[in-house]
4 protein chains.
Amino acid sequence: MKATAEIQVIPIGVGVSVRQYVKKAHETLAASGLNVQLHAFGTNVEGDLDDILAAVKRVHEVLHADGVVRVTSSVKIGTRTDKEPSLAAKLF
Amino acid sequence: MKATAEIQVIPIGVGVSVRQYVKKAHETLAASGLNVQLHAFGTNVEGDLDDILAAVKRVHEVLHADGVVRVTSSVKIGTRTDKEPSLAAKLF
Amino acid sequence: MKATAEIQVIPIGVGVSVRQYVKKAHETLAASGLNVQLHAFGTNVEGDLDDILAAVKRVHEVLHADGVVRVTSSVKIGTRTDKEPSLAAKLF
Amino acid sequence: MKATAEIQVIPIGVGVSVRQYVKKAHETLAASGLNVQLHAFGTNVEGDLDDILAAVKRVHEVLHADGVVRVTSSVKIGTRTDKEPSLAAKLF
């Protein structure tokens, strides 16, 4: 099942500046083979839902491996049966 | 990896009343074996992250099988390495 | 205009344990006169949309006054014209 | 108090295609004088928090005036006291 999604990650307990971890999260998503679009509040992705969910899990794992004690992610997922979901089709 | 999560589902294209589909989504999560807590804006769950992500996918599948053309979910996931995450510990 | 809403607050830069600030956020919402319902991923509220938005702003102000450098909130708002929105009606 | 925010709007009860309403929501935000950046999962904005919250309310009002029975919005707000928040600074 193909899906579009938005993934935002908030590392907790690593201080006020979280830039390096947010960057790492985005790179992890990009390395997963999904079509990714970075914006100021997260990364939009397009691809197979299984791959998207696996990438979300990997982001949590990678940040914990980098020493982040708490990781909170906010994920919005869109699926539809009338046509193939795409990020491009969500713009106007 | 254990996690806590909140799952909200919004069925699109089935009219103004979405109650039956939101109920179905909650029942799908409850049937997955996760610890679930229903509230007015979603279902909070606690369990293995793999099981949580599989349950999210199943919710999309079940609602599409019920005829919902578009399904949007909003999922918040929390993981931590210092202690086992739990819904109870998030209250005060 | 009456609305239902869910308000989740994530304080950033105050360490791994954010409990005292999340508690303060909930108390600020409760003190605003809105109908509030606490759960593990936030506080659900019901009331006038103006009052809800003012309370969200107050939460940011109060946490900053308590020394939190960065405050992120996630707010979901529901309004409808066919009947008065209520938290109770969102359960089944 | 200056803030950055992301605003996503989901019209419920107007059928499967919600494009015209999402476009209207974005235009309402843009017309509010805030700095806006459109992406596939919402509109990111930067400006005074009072103006942002007023714009969110206006989006609900405008869509209801256009005949949308139910409007759900998802708003993420970021404020900080160490420097002026900006959308540009959230990218890397």
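This is a predicted model: local features need pLDDT of at least 70, side-chain atom pairs count only at pLDDT 80 or more; totals for chains, interfaces and linings use all residues.
Residues are numbered from 1 along each chain as its sequence is written, chains are lettered from A in the order in which they are written, and side-chain values use heavy atoms, with hydrogens and water left out.

## Symmetry of the copies

Chain B is superposed on chain A by a rotation of 180° with 0.0 Å of shift along its axis, at an RMSD of 0.0 Å, where copies are fitted by least squares on the C-alpha atoms of residues with pLDDT of at least 70 in both. The two copies are thus related as by a two-fold rotation axis. Among the residues of chain B, V75(B) comes closest to that axis, its C-alpha lying at 2.5 Å. The same surface serves both copies, since 100% of the contact residues of chain B recur in chain A, contact meaning heavy atoms within 4.5 Å.

## The interface of chain A and chain C

Nine residues from chain A and nine residues from chain C take part in this contact. Of the interface residues of chain A, 100% are also interface residues in chain C, so the copies meet through the same surface. The size of an interface is often given as the accessible area lost when the parts come together. Between them, chain A and chain C bury about 850 Å², with 77% of it on carbon and sulfur atoms; buried area is the accessible area (1.4 Å probe) that two parts lose on being put together, summed over both. On the side of chain A, the residues that lose the most area to chain C are I10(A), I12(A) and V16(A), which together account for 51% of what that side buries.

Strands β1 (2–12) and β4 (70–80) of chain A each supply at least two residues of the side that touches chain C, helices (H or I, at least four residues) and strands (E, at least two) being DSSP runs numbered from the N terminus. Across this interface the rule finds zero salt bridges, a salt bridge being a side-chain nitrogen of Lys or Arg within 4 Å of a carboxyl oxygen of Asp or Glu.

## Salt bridges in the structure

Over all chains, the structure holds 35 salt bridges, and the table lists some of them.

| Pair | N to O distance |
|---|---|
| K23(C) and E27(C) | 2.7 Å |
| K57(D) and D50(C) | 3.0 Å |
| K76(D) and E6(D) | 3.9 Å |

K23(C) and E27(C) both lie in helix α1 (residues 19–30) of chain C, four residues apart, about one turn of the helix. K23(C) is partly exposed, with a relative accessible area of 35%, and E27(C) is partly exposed as well, at 37%; buried means under 20% relative accessible area, exposed over 50%, and partly exposed in between (1.4 Å probe, protein chains only).

The salt bridge of K57(D) and D50(C) crosses between chains, from helix α2 (residues 49–65) of chain D to helix α2 (residues 49–65) of chain C. D50(C) counts as partly exposed, at 40% relative accessibility.

In the salt bridge of K76(D) and E6(D), K76(D) lies in strand β4 (residues 70–80) and E6(D) in strand β1 (residues 2–12) of chain D, so the pair ties together parts that are 70 residues apart in sequence. Both K76(D) and E6(D) are buried, and a network of salt bridges links E6(A), K76(A), E6(D) and K76(D).
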